[in-house]
Amino acid sequence: MATVSLRDEAAGLLQELIRLDTVNPPGNETRAAEHLRAYLEANGVACELFAKVPERANLVARIPGTGDGPRLLLLSHTDTVLADPREWQLDPWAGELRDDQVWGRGALDMKGQVAASAVAVASLAREGFEPDGDLIFAACADEEVGDGFGLQWLVEAHPEAVRAEYCVNEGGGDRLVLDGRVFWVCSTAEKMSAPFRLTVHGRSGHASRPGIADNALVKAAPLLERLGMFHDEPEVGPEVAAFLRAVCGAVPEPMDAVSAARAVHPLAGDIVEPLLGTTLAPTMIAASEKRNVIPNRCEITVDCRILPGHTRDEVEAKVAALLEGAAYDLEWIEAQGGTRSPAETPLWDVVESFVAELEPEAQTVPLLLSGFTDSHWVREAFGTVAYGFFPMRAMEAEVAARLIHSADERIEVDDLELGVRFLRHAALGMSSVR
Ligand SMILES: [Zn+2]
């Protein structure tokens, strides 16, 4: 083990993890949990598996603290989305190393960070690292679907296993070059995913005589159009304000935020645009199941993302104003996320100091995510300060964003190595926090 660099160790572990198919559904994350346990225990790290059903285990590893300092949780998930091998240049589950990149489903989302976290913890254990507060590594099941086998279940059934004051998760670490200046993005907050279903009612009939029926699909069309044109009243929350201040030099009025960001760089405008309010995106529609039957109901499913600090009731009122005069039922499907952590914390200082060492001229900026991760479970359950940060610079952020959940997903070994460096830096830095 001593002759293998941390870089090769992380790449090798990632290759092994990719070869364990953990496509969710069905998940089968126990394969990955057992593999990680064997690796970590061989390095002297105590592990426990927690499973609601035997084939979907969550792994929790721990280097116990010697004092009562804050606990740091390195959070990750071992499940992946599916892959269609016909779209790929290489087998998505072969874990091939080619041109200093590890290829395969999950390389970016997020077995790469799983491997880097495990190697960071294992290498610290080998060095006899004694943190003041516990250093915890959790590799959870079921993030991609969220059927209640992963962190959601863990914080309810085994809260002491993952309770921590601070947490590093996925969802950030992009390196942005805007107008010649470098920004490293650390996500500190996430929008709420709150999809809903609108049902429009009519009266069925034979399609050969449309005049005497009441076609719910046709009645739904103008509602669909209005939903698609929705633009929320813009507002600039604390994370977006901090991002704009760094990128634009000042915080513009909410109405001017996108154009001000775009004036610096189009990418900055694209980043800010969905973060100024609630967004509505109709994505699915269902009506008659027979070509010759006029539907008596039509259901429109709307993907809705709400800013932290706002509620579904507020959005329902906005939808009512938008669709004024129309008759429909609105039913919320679920609500997840919509949480934030403060950006002035010891963990922020640790992220910032890593960037300062790596690239002294760069700036670390907080960001609100338009999507969501597992971070909200620990924020809600324990008040954990949770950030998304896994630094990548060998692969451009835009390239990585295109490969996630897509064909030919792969990670640069340079970025894996950088990830190990950051996670070790975070563990060592947080260990001296009082
Ligand atoms: Zn993920």
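Biologist: In this predicted model, how are the donor residues of the zinc ion spaced in sequence?

Modeller: The donor residues follow the pattern H-x31-D-x60-E. The pair D109 and E170 links distant parts of the chain, being 61 residues apart. D109 belongs to helix α3 (residues 107–126), whereas E170 sits in the loop between β7 (166–169) and β8 (175–178).

Biologist: What makes these residues donors of the zinc ion?

Modeller: A donor is an N, O or S atom within 2.8 Å of the metal. The protein donors are H77 (NE2), D109 (OD), E170 (OE) and E170 (OE), and they lie 1.9 to 2.6 Å from the zinc ion. These distances therefore meet the cut-off.

Biologist: Why is the arrangement around the zinc ion called irregular?

Modeller: The four donor atoms subtend angles of 53 to 147 degrees. A tetrahedral arrangement would need all angles between 85 and 135 degrees.

Biologist: Which residues have the most contacts inside the largest nonpolar core?

Modeller: They are L40, L59, L72, L135, F137 and I411, in a core of 69 residues. Helix α3 gives the most to this core, with 12 residues. Leaving out residues up to four places away in sequence, L135 touches A61, R62, I63, L72, L74, V121, L124, F129 and A427. A second, separate core has 25 residues, including A246, V258, L276 and V365.

Biologist: Why is H376 called buried?

Modeller: The relative accessible area of H376 is 1%, which is under 20%, so H376 is buried. H376 lies in helix α12 (residues 375–382). Apart from neighbours within four places in sequence, H376 is in contact with E190, Q336, G337 and T339.

Biologist: Does Q15 count as buried or exposed, and what is its relative accessibility?

Modeller: At 14% relative accessibility, Q15 falls under the 20% limit and therefore counts as buried. Q15 is part of helix α1 (residues 6–19). Residues up to four places away in sequence aside, Q15 touches G95, E96, L97 and V102.

Biologist: Why is A207 called partly exposed?

Modeller: Partly exposed covers values between the 20% limit for buried and the 50% limit for exposed. A207 has 30% relative accessibility, so A207 counts as partly exposed. A207 lies in the loop between β12 (205–206) and α6 (216–228). With neighbours within four places in sequence set aside, the contacts of A207 are R291, N292, V293 and I294. The C-alpha atoms of A207 and P295 are separated by 9.1 Å, although these residues are 88 residues apart along the chain.

Definitions and conventions. Residues are numbered from 1 along each chain as its sequence is written. This is a predicted model: local features need pLDDT of at least 70, side-chain atom pairs count only at pLDDT 80 or more; totals for chains, interfaces and linings use all residues. Side-chain values use heavy atoms; hydrogens and water are left out. Donors are N, O and S atoms within 2.8 Å of the metal (3.2 Å for Na, K and Ca); water is not among the atoms, so sites may look incomplete. Four donors count as tetrahedral if all angles lie between 85 and 135 degrees; four count as square planar and six as octahedral if opposite donors are over 155 degrees apart and all others between 65 and 115; anything else is irregular. Helices (H or I, at least four residues) and strands (E, at least two) are DSSP runs, numbered from the N terminus. A nonpolar core is a set of buried Ala, Val, Leu, Ile, Met, Phe, Trp, Tyr and Cys residues joined through side-chain atoms within 4.5 Å. Buried means under 20% relative accessible area, exposed over 50%, partly exposed in between (1.4 Å probe, protein chains only). Contact means heavy atoms within 4.5 Å.
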